[in-house]
Amino acid sequence: MDELKQVFLQESGEQLDALESLLLELEAHPDDEITLNGIFRAAHTIKGAAGMVEAAAVESFAHVVENVLDRLRNHEIAVTTDLAALMLACTDHLRVLVASEAGMDQVSAADIEAQTASLLARLRAFGPGGEVQATPKAEEPGVQRIPSPQTSHNCWHISVRFGSDVLRQGMDPENFLRFLETVGNIRHMETLADRMPAAAEMDPELCYLGFEIALESAADKQTIEDVFAFVRDECQLSILPPNSKVNDYVELIESLPEDTLRLGEILVRIGALTADELSEGLRAQAMDDGEAPAAERHDKPIGEILVAQQVVQPEVVAAAVAKQTQVSEKKAQDAKLIRVPADKLDHLINLVGELVIAGAATSLLAHKRSDGELIESSSLLTRLVEEIRDASLQLRTVQIGETFNRFHRLVRDACKDLGKDVELLISGGETELDKSIVEKIGDPLMHLVRNSLDHGIEAPAVREAAGKNPRGTLLLNAYHDAGNIVIEVADDGAGLNRDKILAKAVERGLVEPDAHLSDREVYDLIFAPGLSTADQVTNLSGRGVGMDVVRRNLLALRGTINVSSQPGQGTRLTLRLPLTLAIIDGFLVVSANRSYVIPLDAVVECVERPEAEHERNYFNLRGQVLPSVCLRESFGLPGERPARESVVVVQYAGQRAGIVVDRLAGELQAVIKPLGAIFRHLQGIGGSTILGSGEVALILDISALIKISGQAEQRLLARPEQRSA
Amino acid sequence: MSVIRQAFAEDFTIYRVAELKPGLLGLLGGAERIELDLSGVERMDSAGCQLLMLVKREASAAGKTLAIVAHSPAVQSLIEFYNLAAWFGDPLVVPAE
């Protein structure tokens, strides 16, 4: 796949995510203009990107979607549940189209086409003519619509000439126009009294007034007309819908008593027409009537009038400004984010690690030579390097909010399927953690959320009967705690049914029927493979796979999961994960003045090694015999064994063993640096880390060490003469 | 340049415009610049506004200047609503009292 397409895939994926979350937001707040605009922009970007890589299927479909969104944005159609659902379906379909464009489709071409056709048919219902519209705006061939700079304000044009007698009948034009303000927003009004005769003939009790009005309104033509209902017979009223053809305006001008040129000028000032359109329209009209020379005469003055008066069309300016902000916003957004391939970041972090080592070596040299100035400058260097290390580790972290937000859709769809009403609350979305963890946590989280929706939260009727709010709550929360990130999935549903779980577990032979288990032990049974308490298997969950997978995934991330539950109150699942896979809590031990790190979660306890057991490969821990590994022996370290040695008891995969070391040096946070390729076959060493002192410490691979010790023991048993040698 | 300043206290409404018209037009003959003080006008309707437009138009046609030097809130409101402020070309000044 070429690079352009790669970018397209990535970008359209992001835009589709944005589109989806905005659509969900729109469902909650149908009147939010910002959301609407965001939705439109996302669809538009997808279309544009598709056009760039010539993904015709995506482009044409996105185009139709965009059209409907445009109508939404212009308030020509209203946001309804149906429309939102349709738009979500379209988003899904766009995803399929994009995937198929990338050759990663799992759907057959025929299915895609059928889906496209069915969605297009549904979209058509929101297209022109389908929805109630004030004035039908059917496309006519060869008609040039006034382009959007003016139409962006969606203004009706109203031309009204009040009859002479309205004032005498006690009807003041002012009242009607003030009333018009309740229907919409009068953006511009021009008052004309051109019909007023010379002073002598002018009767002050007659009305000579006329108005040209640009009205911004979502009302239909009938509503606007009704404003003038009382004087309808007395006045000359023309109402042009927004986006009318130039010709319609020209016809209006011709039908009015005032001078064509003056009216044209007013229309331009109101912003209904641009000067070019007007002169073009007038000329075309005149051509049709066969009076080209007359129109030509009119043609020029309009331009001159405009220049002379320096008429600036506010609508045009507003549109230009809006366009400009949009462009600069996009630029700012682009500038905020840089795409970097993950392996480049890893390389950077590795280099930083090297830097730390090199810096430490320098500072060691400086100390050795007792060069005060060098020590000072190298300590400054060390501090800076540490900051760089922290900053580069931070580069890999992302906020968890994005992962959380994906569940809005899941909750919404699941609620529809299950007939439940659940509100998803998210907090702590700004909590940061390593990107590789975020990617791996998505699936387990989805299982948990589905479980809560399916089994946890009851149906509205059941909830109401139990005296609870029929609307259930699902809380996703994240926070940092002692170098870990904690993610909570909590619901206010029925809670876990202890007896049912226990009964199932006994039935499956997971526990003895007469076993006495604490609540916590019982709840932990839900993570056992093949155990489901659901009476019914739904398409969401209940098949009994899931929770065990969740736990396994978490363990792979060095994380843990805990359940707490209150019958009738709800269930809370607490996930605890390391902030990054690149940092572990370690236990530092020293043998022959060399430092080694044992992963802290493998450490069970530390004891002093009894003198009597110095020569054995096992030791006695309170009556239990454990195999032991002496680091000195295993790694062939030089020097004499000290008088006092310590044993670190470690546990791995249910097996325990002792590691004999010279000295214990306490806990530390170790940044794991992988070993180079040539050390790949080295057994017993999992990686390396750099200590605060700049010294390199090897991280022990506990599982391999336990295996080695077992093998060594077996070899010794096979050839016992070696022991005495 | 001769200046006439005339203050009006009566309503500029359909009920009074017939009486007002001759008086207003009469002012045009008196000086080059006619200043109308409308700060005492409590009510004005479209008929009154239309009459002012006539006087303004006639004054301009005769090469004279008609200026409204003081507006009551009622006058100002209607002139603004009809978007005629620029056409009259007067600074809209409402006296403090």
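What share of the 725 residues in chain A is buried? In this predicted model, buried residues account for 43% of the chain. The secondary structure of chain A consists of 25 helices and 21 strands. Among contacts in chain A between residues at least 6 apart in sequence, 68% join residues at least 24 apart.

The largest contains 61 residues. Those with the most contacts inside this core are A:F162, A:L180, A:I213, A:F228 and B:Y82. Its largest share, eight residues, is supplied by helix α2 (residues 46-61) of chain B. Another core lies apart from it and has 42 residues, including A:V411, A:L433, A:L474 and A:L573.

The interface between the chains was considered next. The size of an interface is often given as the accessible area lost when the parts come together. Here, about 1,900 Å² is buried between chain A and chain B, and carbon and sulfur atoms give 60% of that area. Three residues, A:M196, A:A199 and A:P204, supply 27% of the area that chain A buries against chain B, more than any other three residues. In terms of contacts, 27 residues of chain A meet 21 residues of chain B. Zero salt bridges are counted between chain A and chain B. Polar contacts are present, however, with 12 residue pairs found across the interface, both residues at pLDDT 80 or more. On the chain A side, α7 (173-183) and β2 (185-192) each supply at least two residues. The most come from α7(A), which gives five residues. By type, the residues on this side divide into 17 nonpolar, two polar and eight charged.

Over all chains, the structure holds 29 salt bridges. One of them joins A:D413 to A:R412, with the closest N and O atoms 3.0 Å apart. Another salt bridge pairs A:D421 with A:R471 (3.1 Å, N to O). A:D421 lies in the loop between α17 (407-418) and β6, and A:R471 in the loop between α19 (460-465) and β8 (472-481), so this pair ties together parts of chain A that are 50 residues apart in sequence. Both ends are partly exposed, A:D421 with a relative accessible area of 34% and A:R471 with 35%. A:R463 and A:E458 also meet through their side chains in a salt bridge (3.0 Å, N to O). Both of these residues are buried. Through shared partners, salt bridges join A:D17, A:E20, A:D92, A:R95, A:R409, A:R412 and A:D413 into one network.

A:A592 is not a glycine, yet has a positive phi of about 50 degrees. This residue sits in the loop between β12 (583-591) and β13 (594-599) and is buried, at 18% relative accessible area. A:R622, likewise not a glycine, has a positive phi of about 45 degrees. A:R622 occupies the loop between β15 (618-621) and β16 (624-630). At 65% relative accessibility, A:R622 is exposed. A:T431 is located in the loop between β6 (422-427) and β7 (432-434). With 8% relative accessibility, A:T431 is buried. Beyond its neighbours within four places in sequence, A:T431 contacts A:V398, A:Q399, A:I400, A:A478, A:Y479, A:H480 and A:I485.

Key:
Residues numbered from 1 in each chain as written. Chains lettered and ligands numbered in written order. Predicted model: local features only at pLDDT ≥ 70, side-chain atom pairs only at ≥ 80, totals over all residues. Heavy atoms only, no water. Core = buried A, V, L, I, M, F, W, Y, C linked by side-chain atoms within 4.5 Å. Buried < 20%, exposed > 50% of the residue type's maximum accessible area, 1.4 Å probe, protein only. Helix = DSSP H or I, 4+ residues; strand = E, 2+ residues; numbered from the N terminus. Contact = heavy atoms within 4.5 Å. Buried area = accessible area lost by both parts, 1.4 Å probe. Salt bridge = Lys/Arg side-chain N within 4 Å of Asp/Glu carboxyl O. Polar contact = N/O pair within 3.5 Å; in protein donor to acceptor, adjacent residues only side chain to side chain. Nonpolar A, V, L, I, M, F, W, Y, C, P; charged D, E, K, R; others polar.
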